[in-house]
Amino acid sequence: MTQHEALMRETLCLAGQGRGRVSPRPLVGSLVVRDGAIVGRGFYHEPEPTHAEVWALREAGHRARGATLYVNLEPCSHYGRTPPCTEAIIAAGIQRVVASIRDPNPQVNGRGFARLRAAGIEVLTDVLPVEGTQLNEVFIINQLERRPFVHLKLATSLDGRIATRTGASQWVTGAAARAAGQELRHRYDAIAVGTGTVLADNPQLTDRTGQYRHRPLVRVVFDSARVRLPLTAHLVQTARVCPTWLVTVVSPQRLEDLSRLEQYGVRIFYVEADAQGRPQLPAALNQLFAEGIASLLVEGGSTLAGAFVDARLVDKITCFLAPRIIGGGGLNAIGGRVRPRSKKP
């Protein structure tokens, strides 16, 4: 591993400290290095709008002149909530900038690097680009596809079942998997389930890590025109404390039921129905994105997972496997259309 890679790895770790604290903005860390020693560190975190590079430059002070600045994402070159980071870097007298990836934001996207080079600063890019892309996978999908990043989380038996034939499904996996699942929830803006999961498990869908997050975790329930979400559900009863959103289709005969849900604090989103009478997922994601949801963790159940897979809207899958067999009649982890096996060449 080269010195640049070693320092970039440390920069990425620093950026990761912003998880749960920056959405919908990217995870960014920065180091100022002079004569082989780190003299400044910084990472972006809300509610303070100051960018990672500026934090690092402030800590470095006069030692930044002639130094190298490491940053995992291209420095911004436009005015937003703060002045451009490129101007702060130039003013500090930085000699070289080492970056992992280009910022896909159309307002930046190469302009930051160009501005630094025009000011006579050496710019080295693509240092650990795979790791840099993985760290900001949510932000990249947001910028390129203008929708939330969708992460499908599954907890299954060895034979790919998430429940028995009677519907028993809670705690398929063990304590370690549940703790890891909580860590996932902490990293996401919203968590989604179908109404079937609510009826079967009556879940809480909360972030119980105890870690700071600058926005509450939003619970999103996908329902059909039948509107099966009951008023007695835990998600409904706690909607005024923990945000609960219902995504459904317009159903004139169910407007009274929907009105009752709203009285409990549930927020209703209407989208057009698909062929099965369920909300069209692309339209639903567009509405969630417009409300500031940058990342969505889909936790259940089989029908909803299958719908996202069928719509080709899953960006990442995490599967926890339990060392057990449920057997025939158990509920498959992913429902949806039957997918024929590919023919061998």
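R187 is partly exposed, with a relative accessible area of 43%. That residue is a handy starting point for a first tour of this structure, which is a predicted model.

- How exposed or buried is H186? With a relative accessible area of 3%, H186 is buried, because the limit for being buried is under 20%.
- Once residues up to four places away in sequence are set aside, R187 touches R19 and S295.
- H186, leaving aside its neighbours within four places in sequence, is in contact with R19, G20, D207, T209, Q211, Y212 and R213.
- R187 and L217 are 30 residues apart along the chain, and their C-alpha atoms are separated by 9.3 Å.

**The five-stranded sheet**

- Next comes an open sheet of five strands, which run in the order β2-β1-β3-β4-β5 with mixed pairing.
- Which strands sit at the edges? They are β2 (37-43) and β5 (122-124), and each of these pairs on one side only.
- On average, neighbouring strands of the sheet are turned by 20° against each other, with direction ignored.
- Strands of a sheet pair through backbone hydrogen bonds, and the pairing can be either parallel or antiparallel.
- Strand β1 (residues 29-34) and strand β3 (residues 68-73) are an antiparallel pair, joined over four bridges.

**Helices α2 and α3**

- Helix α2 spans residues 52-60 and helix α3 spans residues 85-92; the two pack with their axes 9 Å apart.
- The crossing of α2 past α3 is left-handed.
- On the α2 side, the contact is made by E53, V54 and L57, while α3 contributes C85, A88, I89 and A92.
- What kinds of residue make up the contact of α2 with α3? Six are nonpolar, one is charged and none is polar.

Notes
Residues are numbered from 1 along each chain as its sequence is written. This is a predicted model: local features need pLDDT of at least 70, side-chain atom pairs count only at pLDDT 80 or more; totals for chains, interfaces and linings use all residues. Side-chain values use heavy atoms; hydrogens and water are left out. Axes are lines fitted to C-alpha atoms, for helices over the stretch in contact, and angles run from 0 to 180 degrees between N-to-C directions. A crossing is left-handed if the near helix is turned anticlockwise from the far one by less than a right angle, and right-handed if clockwise. Contact means heavy atoms within 4.5 Å. Ala, Val, Leu, Ile, Met, Phe, Trp, Tyr, Cys and Pro count as nonpolar, Asp, Glu, Lys and Arg as charged, and the others, Gly among them, as polar. Buried means under 20% relative accessible area, exposed over 50%, partly exposed in between (1.4 Å probe, protein chains only). Two strands pair if DSSP finds at least two bridges between them.
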